[in-house]
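Subject: Structure handover

Hello,

Here is the structure for your files. My notes follow below it.

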Amino acid sequence: MEIEQKTGLILTGGGARAAYQAGVLDAVGSILADAGRKAAHNPFDIVCGTSAGALNATALACRADDFAEGVGKLLEVWLNVTADQVYRADPLGVLRSGARWLSLLSFGWMLRKWHAAPPSSLLDNTPLVGLLHRMLDLPRLDAALASGRLHALAVTASSYTLGHHITFYQSAAEIAPWQRSQRVAMADQIGVEHLLASSAIPFVFPAVPLYLAGRLEYCGDGSMRQLAPISPAIHLGASRVLVVGAGRMSEAPRATAPSTRYPSLAQIAGHALSSIFLDSLAVDVERLNRINQTLSMVPREHHQNTPLRQVRLLVIAPSERLDDIAARHTKSLPGPVRTLLSGIGATEARGSALSSYLLFERSYTRELVELGRRDTFARRDDVLAFFAS
């Protein structure tokens with residue numbers, strides 16, 4: 001009996017960089033429509049997201065009964081987003097979070113009054129709750145899963161309390177949870193709190209308390225300690241996976257001469273975030289390709305003797321450095337935020353990596369959406385081959 005083939009979608013993390021994913025999905029929809037597929041048809045049985053990619057994944061999964069509408073909702077958000085929809089960008093809000101946080105780092109030994117309730121993050125992302133309620137339609141997600149239009153949704157977070165990586169998944173089918181080194185999976189009803197936790201960039205946004213197995217744990221961005229970003233889709237049954245990255249999979253050496261200046265705090269922070277958001281995906285893609293290559297050399301009748309299986313993989317990632325694009329748009333940040341970030345060097349070209357994650361401004365995100373479209377249309381033949389029966 002032939003096993004049903006399921007298609008998975010992986011949307012990775014990256015803050016404002018996730019706007020690129022909307023452009024990719026828009027182009028995928030157009031390519032498939034041109035090939036004769038109905039625009040409303042959902043090409044993905046399994047949708048997995050991490051960090052800002054979890055927001056996109058859940059918004060898309062909520063509209064699994066109408067893929068074109070789901071992509072349209074993502075475009076509506078990313079083409080019109082402003083920073084104050086994601087975090088407080090007014091002077092008072094920045095002072096209450098960022099300025100107090102930086103002051104505590106500098107003068108904490110003097111500021112005993114904050115020891116009982118210290119500031120928890122650089123920015124206050126309370127406005128994101130309102131944006132999520134506008135993006136999502138969670139009852140519709142339940143209906144899509146119940147009807148079979150969607151097999152599963154998964155989002156990831158990282159526990160600061162116990163130090164492990166957590167995949168939350170929701171499906172109408174019975175899927176046994178799994179556990180690997182430093183990572184666990186659990187079935188749950190995915191809600192706004194899971195998305196806030198998954199997208200809580202370390203140091204930038206506050207951790208979110210979640211009750212897991214009756215125990216309170218504080219959770220942050222799902223890209224932290226994410227050793228195998230592609231694995232949730234495979235565990236949930238995907239035999240082919242489209243991965244949309246948030247940064248170039250390989251960086252060519254810069255043509256400019258290396259700077260001899262000591263790196264700014266923003267440059268170091270941007271380097272750390274890029275390591276968290278980008279490196280594990282590149283390693284996991286290499287690992288999966290090696291497994292596929294190894295299995296291709298094993299006679300098919302022996303495949304049943306190994307737990308490994310071949311998974312068709314298509315990766316679409318930015319063809320340009322998003323740091324460089326961000327450097328052109330730092331002036332579009334709200335004044336109070338720009339002032340805060342300039343103090344640590346994030347508005348300089350060498351600190352633009354940090355800005356690229358926080359630039360929730362339409363001038364930047366629109367350029368990323370368009371880049372996603374261009375990169376995907378350039379891979380039209382690969383997209384059609386990937387979705388071919």
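In which strand is D221 found? D221 is in strand 8, residues 215-221; helices (H or I, at least four residues) and strands (E, at least two) are DSSP runs numbered from the N terminus.

This is a predicted model, in which local features need pLDDT of at least 70 and side-chain atom pairs count only at pLDDT 80 or more, while totals for chains, interfaces and linings use all residues. Residues are numbered from 1 along each chain as its sequence is written, and side-chain values use heavy atoms, with hydrogens and water left out.

Overall

The protein chain has 14 helices and 10 strands. Of its 389 residues, 53% count as buried (buried is under 20% relative accessible area, exposed over 50%, partly exposed in between; 1.4 Å probe, protein chains only). Contact means heavy atoms within 4.5 Å. Among contacts between residues at least 6 apart in sequence, 77% join residues at least 24 apart.

Annotated site

The UniProt annotation "active site", from an unreviewed entry, covers S51 and D221. They are spread over 171 residues of sequence, yet the largest C-alpha distance is 5.7 Å. Of these residues, S51 is included in the lining of the largest cavity. A cavity is a set of points, on a 1 Å grid over the protein atoms alone, where a 1.4 Å probe fits but cannot get out; lining residues have an atom within 4 Å of a point. UniProt positions are given in the numbering used here, feature names are shortened, and annotations may be inferred rather than shown by experiment.

S51 sits in the loop between strand 2 (46-50) and helix 2 (52-61). S51 counts as buried because its relative accessible area is 1%. D221 is buried too, at 0% relative accessibility. Leaving aside neighbours within four places in sequence, the contacts of S51 include G13, G14, G15 and D221. With residues up to four places away likewise not counted, D221 touches S51, A157 and P202, among others.

Elsewhere

R140 belongs to helix 6 (residues 138-147). R140 and A61 are 79 residues apart in sequence but 8.8 Å apart in space, C-alpha to C-alpha. Beyond four places in sequence, R140 is in contact with C62, R63, D65, D66 and E69.

Y211, in strand 7 (residues 208-212), is exposed, with a relative accessible area of 63%.

Regards

Technical notes: 1 Å grid on protein atoms, 1.4 Å probe; cavity = no way out; pocket = protein on both sides within 12 Å on 5 of 7 lines; lining within 4 Å.
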